[in-house]
Amino acid sequence: MSVVRVDHVSKDYRLGRQTFRALHDVSLAVAKGRFLAIAGPSGSGKSTLLNLIGCIDTPTEGQVYIGKEEVGRKTPDELADLRASALGFIFQTFNLLPVLSARENVEYPLLHRKEISRKERRDRVDHYLGVVGLSRYAHHRPNELSGGQRQRVAIARALAGSPAIVLADEPTANLDSKTGEGVLRLMKKINESEGTTFIFSTHDFRVMEMADRVVNISDGRLAGTGKEETGHG
Ligand SMILES: Nc1ncnc2c1ncn2[C@@H]1O[C@H](COP(=O)(O)OP(=O)(O)O)[C@@H](O)[C@H]1O
Ligand SMILES: [Mg+2]
């Protein structure tokens, strides 16, 4: 079964009286455990597609499914719960809270999860700071960390909620190529050890090479059928 399914989705943005169609009839199925790159130039619709998969925005036409759940049928509260429990996000600009330490940034989204006890929360924060190699930097604030370290905090934050799916919108775009490669390797390692599905966007060929499946997007259209192929994707 697919962990993510996008079914004949189009997305229009309203620009005054005009509408601009950013996605045209996009269909995509993603199998569990994939390390999938959405590849395309700037303006091709990568962020729009990731925002729809991430339940941050809604399609104009078509449906998005996260596991068995059809996103469009959910109430805002149900959607917030689904986002918190099933999805983790990594952004191009890291999006850390500057006044919080690394460990507080990782802990922050867990504070809203009533089902996670205080002890469980602390254990997860310690564990994932360790996974990304930042235990020693737990009390540092973002401005005391390098770009690569900041992105690793963001990875720990995305993972701490134990999501089935991590969405990363150009996670290496603000990093030098060596640091970016390290961040990608870390994501790949977590993908392999924890079975977390990763969907990331990029226009960098070196980043695409690390994916086990690449879908190309241009002018809001996906190349190919978007179906999972059997065997090597
Ligand atoms: N909020 C918005 N309002 C109007 N147009 C938008 C908006 N967001 C994106 N677009 C347009 O949609 C297209 C796809 O944008 P985007 O998904 O951000 O592409 P990418 O992430 O591949 O650079 C672009 O032409 C962009 O200008
Ligand atoms: Mg983008």
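Helices (H or I, at least four residues) and strands (E, at least two) are DSSP runs, numbered from the N terminus. With that in hand, let us look around ligand 1. A residue is near a molecule if its C-beta atom, placed from the backbone, lies within 6 Å of it.

This is a predicted model, in which local features need pLDDT of at least 70 and side-chain atom pairs count only at pLDDT 80 or more, while totals for chains, interfaces and linings use all residues. Residues are numbered from 1 along each chain as its sequence is written, with chains lettered from A and ligands numbered from 1 in the order in which they are written.

**Around the ligand**

The shell around ligand 1 includes Tyr13, Phe20, Gly45 and Lys46. Two or more residues each come from strand 1 (2-15), strand 2 (18-31) and helix 1. Which element gives the most to this shell? Helix 1 does, with three residues. By type, the shell holds four nonpolar residues, seven polar and one charged. Here Ala, Val, Leu, Ile, Met, Phe, Trp, Tyr, Cys and Pro count as nonpolar, Asp, Glu, Lys and Arg as charged, and the others, Gly among them, as polar.

Why does Cys55 count as buried? Cys55 is buried because 20 other C-beta atoms lie within 10 Å. Glu170 has 22 C-beta neighbours inside 10 Å, so Glu170 counts as buried too. The cut-offs are 20 or more other C-beta atoms within 10 Å for buried, 12 or fewer for exposed, and in between for partly exposed, with C-beta atoms placed from the backbone.
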